[in-house]
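The exercises below are meant to be worked through slowly, with the sequence and the three-dimensional view side by side. Try each task before reading the solution that follows.

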Amino acid sequence: MYIKLAGGTVYDPVHGINAEKRDIYIHDGQITRKPNPDVRIDKTYDLGGKVVMAGAIDIHTHIGGGKVNIARLMLPEDHQKDPVKKTALTRAGCGHAAPTTMTTGYRYAEMGYTACFEPAMLPINARQAHMEMADIPMVDKGAYALLGSDDFFLRMLAANKGREAISDYVSWIINATQAIGIKVVNPGGISAFKFNQRKLNLDDKNSYYNVSPRQVLKSLASAVRELGVPHPLHVHGCNLGVAGNDQTTLDTIQAADGLPMHLTHIQFHSYGTEGDRKFSSGAARLAEAINENHNISVDVGQILFGQTVTASGDTMMQYEGHWHAHPKKWVIMDIECDAGCGVVPFKYRDKNYVNALQWAIGLEMFLLVNDPWRIFLTTDHPNGAPFTTYPHLIRLLMDRSFRNDMLSTINKDAAAASILGSIDREYTLYEIAIMTRAAPARSLGLRNRGHLGSGAAADIAVYDDLKNREKMFAKPCYVFKDGELVVEKGKVCKVINGGTHTLKPGYDKTIEKTLKRYFDDYQTVKLNNFRIEDDEILEYGNSSLIEQPCL
Amino acid sequence: MNALTFELKSAPEFPLDVSPLIPDRLEGLDLQKIKALKVEYGKQKTSVSSLFRVSGRDREHIRIQGSTSRLQSVGKDMTRGTVEISGDVGKFLGQGLKGGRLEVHGNAGDWVGNRMTGGRINIYGNAGDYVGASLPGDTFGMNDGFINILGNAGDRIGDKMRRGMIVIHGQAGNFCGSRMYAGTIVVLKEAGNNTGVGMRRGSLILARKPAHISATFRSCGVLKMQFLRLLFTQLLQYGDEFSLFRKFGAEARRYTGDRARNGKGEILILLNTNSGPQ
């Protein structure tokens, strides 16, 4: 069956197509070249005047794994205040900051997203995370396995096991947990928290393992590089949310030593200590460093005002944050010595100096980093704001006068302390297409996603070209997923299940001997039960297992 | 003016959410509009006129007649006026009540006064479980206001209660005042097991010694507390049904607890002196 998308204004940064009028042909779920004239076109969509982009990809969104369920359990009011009725097609759900799985999928698709990546899947929780993500319809999923504070890895590092052994372990984890990348959260810090350390700088030692975050970062970054994992080490650095952590982040960039590294929710890591309140923006300093170091990519983790919930593996920093919990309840827990989990509900207020400045810092970061290929649009859902605020965020980036209007409503001191008002830059649609489509796909190594060339999966979002970019991106006219029309006029018109992206780097099988002994001695499951087989991913309800190639 | 009366035509077959029938929502509506109002009835929305015969004029005084325990969320989020019910009511009577008065001439279901922040609820029959208690996941239960129950009440009265007063003239179930943060609960007949367990602050005033007091409460002996005189004098002004408070004096046996938490709460067991406050 051939489908023709006729006459749309196409933005396809991978092929350098910037606002060109083009026809796109879809055949068997893939985008193809123009077929021979004698081929019958089964369906034609007239997209004259409409904007056509690849389906958007969210590189960092907490949609699965234990912490989201804890957030759901802890915040019934979040669900009671936002009920979603069932329709003939879609199932009932609820939730604003921590929506139900079904609602998550529908809402993502209704904004033109076709793939989402869960950044903090604890290896021991991987099965649960995959099952939960399989319940999210409409979009493709993937997950990064969280390493760096787990007992086995820290023991290896403390015992100075060689690079190869560590690479084998990292690779084994990616294979066993069906992950597509590796994330490290507060390197070694989650473990240090359990030994009563409340702060861990880049060169401080974990008091039990005698290992510093710098060592953890270096060994994991080089392992990821050696294994040919396309996505660089996904780093949630030290000192999240602490004033003065801009220096830590600069040090982390230096510590990368030229190795590719992705610094996630950089907004939470860009705080200086200047000014009367000892809290200032470090965005300019960091943006300069990011512009200079081409091995570094970042996603922002923009905050937007309102009630949300912060969910993170970083127990050390979540414990610090629990004093500000709103409503006043929180959970900090260890998860089988693998890592931790901290869930703290939070309300960002525009009249609060710190919150308002956080908002400005995120936007400064967006606007001061020059290369949209290395900065991705995220709110670190739900930590900065729920993902449903993306259209609003896009408008803030694309519309300077709107941004300045918003700036004039926030805390006056924060507005005065920020350079946001003096930044003229406005993102173009082409740059938005890079940062939400092409760049994430390239960073994750998704060869057939994020572009509209022949051979790509037909994940396509079509928007009305409205002046109000918030309205435009909140309600796409059409969204195609693997060639099927799934959203029409911003409403789901067909419910499908997405696939799961995985990676299969090679490793030396002998590591399993060591691991088996470790699992028998210390873990709650046997090695063979720990491993998630390919069939399981399909059994959980995913439509397919998409194996991406290593570099 | 005569009260605006909703008389049920027949006993409802399904749960019926009557939360729109409050003075705040009916103000300024003519009779036709009130009759056309939609209420949730089972899985559907049905007009008021298909279920009720509507008469009367006073929008500040609403009467529901022939009520059964299928009627839910009576007086939800009400801020003023009076809603009077003859018959039983179901769950969530006065949920989120902010002001005004609810009078129930019958029994009430579970979750009376859930998330209530003001106003007064009078129940002339019995109430179910969770009177003034918090829903699972809520930080606090009842936040302010006054609940008066002439009959008995079920378990978990005032669970996580934050402020306000609950008076139960009959018996209380188990876990009365559990996890209380503050506020006052008065029970005039027997209270069940584990009374006050997990309470942080607040006062549980019992007219009779319960059969079981948790080991984490410590007896402080008999004390004379003038605050009880003030409390009873105040209650006497609330209506005739409180006249029996005349017979209680200011002496009470005091237990502090729950010491498994911070131990700042108290259970007061009144000594019947027959020489009431003057």
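A salt bridge is counted when a side-chain nitrogen of Lys or Arg lies within 4 Å of a carboxyl oxygen of Asp or Glu. Keep in mind throughout that this is a predicted model.

**Exercise 1. The interface**

Task: Describe how chain B and chain A meet, and state how many salt bridges the rule finds across their interface.

Solution. Begin with the contacts: six residues of chain B touch seven residues of chain A. Next, take the area, remembering that the size of an interface is often given as the accessible area lost when the parts come together. For chain B and chain A about 390 Å² is buried between them, and 36% of this is on carbon and sulfur atoms. On the chain B side, Arg115(B), Gly137(B) and Thr139(B) lose the most area to chain A, together accounting for 69% of what that side buries.

**Exercise 2. Salt bridges within the chains**

Task: Over all chains the structure holds 43 salt bridges; examine the one between Asp138(B) and Arg115(B) and the one between Asp424(A) and Arg400(A), and say which parts of the chain each pair ties together.

Solution. In chain B, the side chains of Asp138(B) and Arg115(B) meet at 2.9 Å, N to O. Asp138(B) sits in the loop between β10 and β11 of chain B, while Arg115(B) sits in the loop between β9 and β10, so the pair ties together parts that are 23 residues apart in sequence. Asp138(B) is buried, at 7% relative accessible area, whereas Arg115(B) is partly exposed, at 29%.

In chain A, the closest N and O atoms of Asp424(A) and Arg400(A) are 3.2 Å apart. Asp424(A) belongs to the loop between α15 and α16 and Arg400(A) to helix α14, so this pair ties together parts that are 24 residues apart in sequence. Asp424(A) counts as exposed, at 53% relative accessibility, and Arg400(A) as partly exposed, at 30%.

**Exercise 3. Helix α16 of chain A**

Task: Follow helix α16(A) along its length and find where its kink is centred.

Solution. The helix runs over residues 429-444 and reaches 22 Å from its first C-alpha to its last, close to the 22 Å expected. Along the way there is a kink of about 40°, centred on Met435(A). Of the 16 residues in α16(A), 15 are buried, and the helix is followed by Gly445(A), whose phi is positive, near 75°.

**Exercise 4. Backbone exceptions**

Task: Which residues other than glycine have a positive phi, and where are cis peptide bonds found?

Solution. Ala19(A), in strand β2 of chain A, has a positive phi of about 55°, and Asp257(A), in the loop between α9 and β13, has a positive phi near 60°. Turning to the peptide bonds, the one from His381(A) to Pro382(A) is cis, with omega near -5°, and Pro382(A) lies in the loop between β20 and α13 of chain A. The bond from Gly257(B) to Asp258(B) is also cis, with omega near 0°, and Asp258(B) lies in the loop between β16 and β17 of chain B.

Conventions. Residues numbered from 1 in each chain as written. Chains lettered and ligands numbered in written order. Predicted model: local features only at pLDDT ≥ 70, side-chain atom pairs only at ≥ 80, totals over all residues. Heavy atoms only, no water. Helix = DSSP H or I, 4+ residues; strand = E, 2+ residues; numbered from the N terminus. Expected span 1.5 Å × (residues − 1). Bend = angle between axes of the 7 residues up to and from the residue. Buried < 20%, exposed > 50% of the residue type's maximum accessible area, 1.4 Å probe, protein only. Contact = heavy atoms within 4.5 Å. Buried area = accessible area lost by both parts, 1.4 Å probe.
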